[in-house]
Amino acid sequence: MSGAEAWMLVGMVIVTFGIRYFLFAVADRIRLAPWLELSLKFIPPAVLTAITVPAVLLPNGEWQVSFANSYLVAALLSLAAGIVTRNLLVTIGMGLAAFFVHRYFV
Amino acid sequence: MNHPESLNKHEFLSGIRDTLPLLLGALPFGLIYGAIAATSGLSMTAAILMSALVFAGSSQFIAVGLVAAQTPVAIIVLTTLIVNLRHMLYSATLLPYLKELPQRWRIMLAFWLTDETFAVTVHRFQRSDSSPCKHWYQLGSSIAMYLNWQFWCFLGLVLGHRIPDAQSWGLDVAMPVTFIGMIIPFVKTIPVLVSVLTAGAASLLTLAMPYKLGIVVSAFAGIASGLLAQRIIDARREAHRQ
């Protein structure tokens, strides 16, 4: 391992842990305003969606809105499976299966 | 924090059990990380240490990509910061549930905070029962994610030296389909649906922003629209009542 690699790791560890720990560290000393507390419940699905949508519609960094896009087909089928079954494993399994069937057999 | 040991153990095991499907989702992601790292010019030791100590999938991917492009260390660290800003939103969400815990617990749970563990655990915390050891649930989920990640990253590194084009197999599809499975249980009310649709649209409008900053901006757009929808619905309900 080179010196530059070591510095990169040290920097990344400080940054990633710092972000995750900062609010926890002061958890008992801060109080959130009521509207802020209300807004917290929107965070998880909003962040996850903001990561997912571009990954599906621009899988390789370029727009691909058609049924030739295996990522889009997999996402739509896993979404349907998830809404119908409400089962996480089925949702993921359906998405993976749809992707590979579409990519290698369609 | 002295609760009956059996209760702690029960929460811990439930956390592991509820995280099992997500381990499947992380599997290909870990393999690809290892495979890319193996060909990026990053040393084996640094690649393993990154998984063990940084433990943040998307940052690891981007870091390895930047290493391959011979980017200066300062830029890599800055990019990591921006890509992981969303974790601060997660810790804000968990704040009310963890503020009674001793610091050593907060340190552990912070270190192991991921998209997956967060999504699973927040449902547990929000359930109305007054179990005093829900943090054990998060610990179970965290450790399951951690060990799973280390294992597949390592295997990916070993295989990566042999199968150089693993990147082109499309294994990265695991991330969006796993996230879709994680999003669905949150969408139970109209305001959350509005929030999700807005965040999705915003993520496409902010693509041009550098360093994936668009994710954070889109999250804020989603939160704002959700709050607005909530307010409108509450006002209507109030008007009906009068």
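1. The crossing of helix 10 of chain B with helix 11 of chain B is right-handed in this predicted model. Helix 10 spans residues 190-205 and helix 11 spans residues 213-241 of chain B, and their axes come within 7 Å and cross at roughly 150°. Because angles over 145 degrees count as roughly antiparallel, helix 10 of chain B is therefore roughly antiparallel to helix 11 of chain B.

2. As to the make-up of this packing, the contact of helix 10 with helix 11 of chain B comprises 14 nonpolar and 9 polar residues, with no charged residues.

3. Turning to the contact between the chains, 57 residues are taken from chain A and 71 residues from chain B. On the side of chain A that touches chain B, at least two residues each are supplied by helix 1 (3-25), helix 2 (34-39), helix 3 (43-57), helix 4 (70-85) and helix 5 (88-105) of chain A. Of these, helix 1 of chain A gives the most, with 18 residues. Sorted by class, the side of chain A that touches chain B has 42 nonpolar, 11 polar and 4 charged residues.

4. The domain assignment divides chain A into domain 1, covering residues 1-30, and domain 2, covering residues 40-105. The C-alpha centres of domain 1 and domain 2 of chain A lie 31 Å apart.

5. For chain A, the unreviewed UniProt entry places the feature "transmembrane region" at residues 6-26, 38-59 and 71-101. In the model, residues 6-26 of chain A are 95% helix and 0% strand, and the end C-alpha atoms of that span lie 29 Å apart. Residues 38-59 of chain A are 77% helix and 0% strand, with the end C-alpha atoms 34 Å apart.

6. For chain B, the annotation "transmembrane region", again from an unreviewed UniProt entry, covers residues 20-49, 61-85, 143-163 and 215-233. How far apart do the end C-alpha atoms of residues 20-49 of chain B lie? They lie 24 Å apart, and the span is 90% helix and 0% strand. Over residues 143-163 of chain B, the end C-alpha atoms are 29 Å apart, and the chain there is 86% helix and 0% strand.

Terms used. Residues are numbered from 1 along each chain as its sequence is written. Chains are lettered from A and ligands numbered from 1 in the order in which they are written. This is a predicted model: local features need pLDDT of at least 70, side-chain atom pairs count only at pLDDT 80 or more; totals for chains, interfaces and linings use all residues. Axes are lines fitted to C-alpha atoms, for helices over the stretch in contact, and angles run from 0 to 180 degrees between N-to-C directions. Helices (H or I, at least four residues) and strands (E, at least two) are DSSP runs, numbered from the N terminus. Angles under 35 degrees count as roughly parallel, over 145 as roughly antiparallel, 65 to 115 as roughly perpendicular and the rest as oblique. A crossing is left-handed if the near helix is turned anticlockwise from the far one by less than a right angle, and right-handed if clockwise. Ala, Val, Leu, Ile, Met, Phe, Trp, Tyr, Cys and Pro count as nonpolar, Asp, Glu, Lys and Arg as charged, and the others, Gly among them, as polar. Two residues are in contact if their C-beta atoms, placed from the backbone, lie within 7 Å. Domain bounds come from an automatic or database domain assignment. UniProt positions are given in the numbering used here, feature names are shortened, and annotations may be inferred rather than shown by experiment.
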